[in-house]
Amino acid sequence: QVQLVESGGGLVQAGGSLRLSCAASGNIVAIITMGWYRQAPGKQRELVARIATGGSANYADSVRGRFTISGDNAKNTVYLQMNSLKPEDTAVYYCYVNALTTPTFTSTNDWGQGTQVTVSS
């Protein structure tokens, strides 16, 4: 079982910044990727950004250049620095981890509870 603890959501004005954090713990052998999805009311959950253990990152077109994902392998933690926030960034942000876990040593996907980000205009 893998547990994810998210923090850093909140209310911010357009143009402002927030930093999300997500720490993974549990029976992790090795993390493959960690990242963030978001889901706005009435919309499907979408990928925001993800980062592999080696450091390569992918971003949604809508956030590229404004958001930066980074990771701390020693702490099994991923961060999402969100700058120049827009009202359309308002959503519940979910952390996820894809990792090799015991006792099966197979790849599993686990999700956090979600943290609300609200950007006012």
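Modeller: Let us begin with pairing: two strands count as paired if DSSP finds at least two bridges between them. Please keep in mind that this is a predicted model.

Colleague: In what order do the strands of the open sheet follow one another?

Modeller: The open sheet is formed by 4 strands in the order S1-S3-S8-S7, with antiparallel pairing. Its edge strands, each pairing on one side only, are S1 (2-7) and S7 (67-72), and neighbouring strands are turned by 15° against each other on average, direction ignored. Within the sheet, S3 and strand S8 (residues 77-82) run antiparallel and are joined by 6 bridges, and Leu18 has Met82 in S8 as its bridge partner.

Colleague: Which residues form the disulfide?

Modeller: A disulfide is assigned to a pair of cysteine sulfur atoms within 2.5 Å. Here Cys22 and Cys95 form one, with their sulfur atoms 2.0 Å apart. The pair links distant parts of the chain, since Cys22 lies in strand S3 (residues 18-26) and Cys95, 73 residues apart from it, in strand S9 (residues 91-101). The link is left-handed, with -85° about the S-S bond, and both Cys22 and Cys95 are buried.

Colleague: Why does Thr115 count as buried?

Modeller: Buried means under 20% relative accessible area, and Thr115 counts as buried because its relative accessibility is 13%. Thr115 is found in strand S11 (residues 115-120), and a polar atom of its side chain lies 3.4 Å from the backbone nitrogen of Gly9. Beyond four places away in sequence, Thr115 touches several residues, among them Glu6, Leu20, Trp36 and Tyr93.

Terms used. Residues numbered from 1 in each chain as written. Predicted model: local features only at pLDDT ≥ 70, side-chain atom pairs only at ≥ 80, totals over all residues. Heavy atoms only, no water. Helix = DSSP H or I, 4+ residues; strand = E, 2+ residues; numbered from the N terminus. Buried < 20%, exposed > 50% of the residue type's maximum accessible area, 1.4 Å probe, protein only. Polar contact = N/O pair within 3.5 Å; in protein donor to acceptor, adjacent residues only side chain to side chain. Contact = heavy atoms within 4.5 Å. Axes fitted to C-alpha atoms, helices over the stretch in contact; angles between N-to-C directions.
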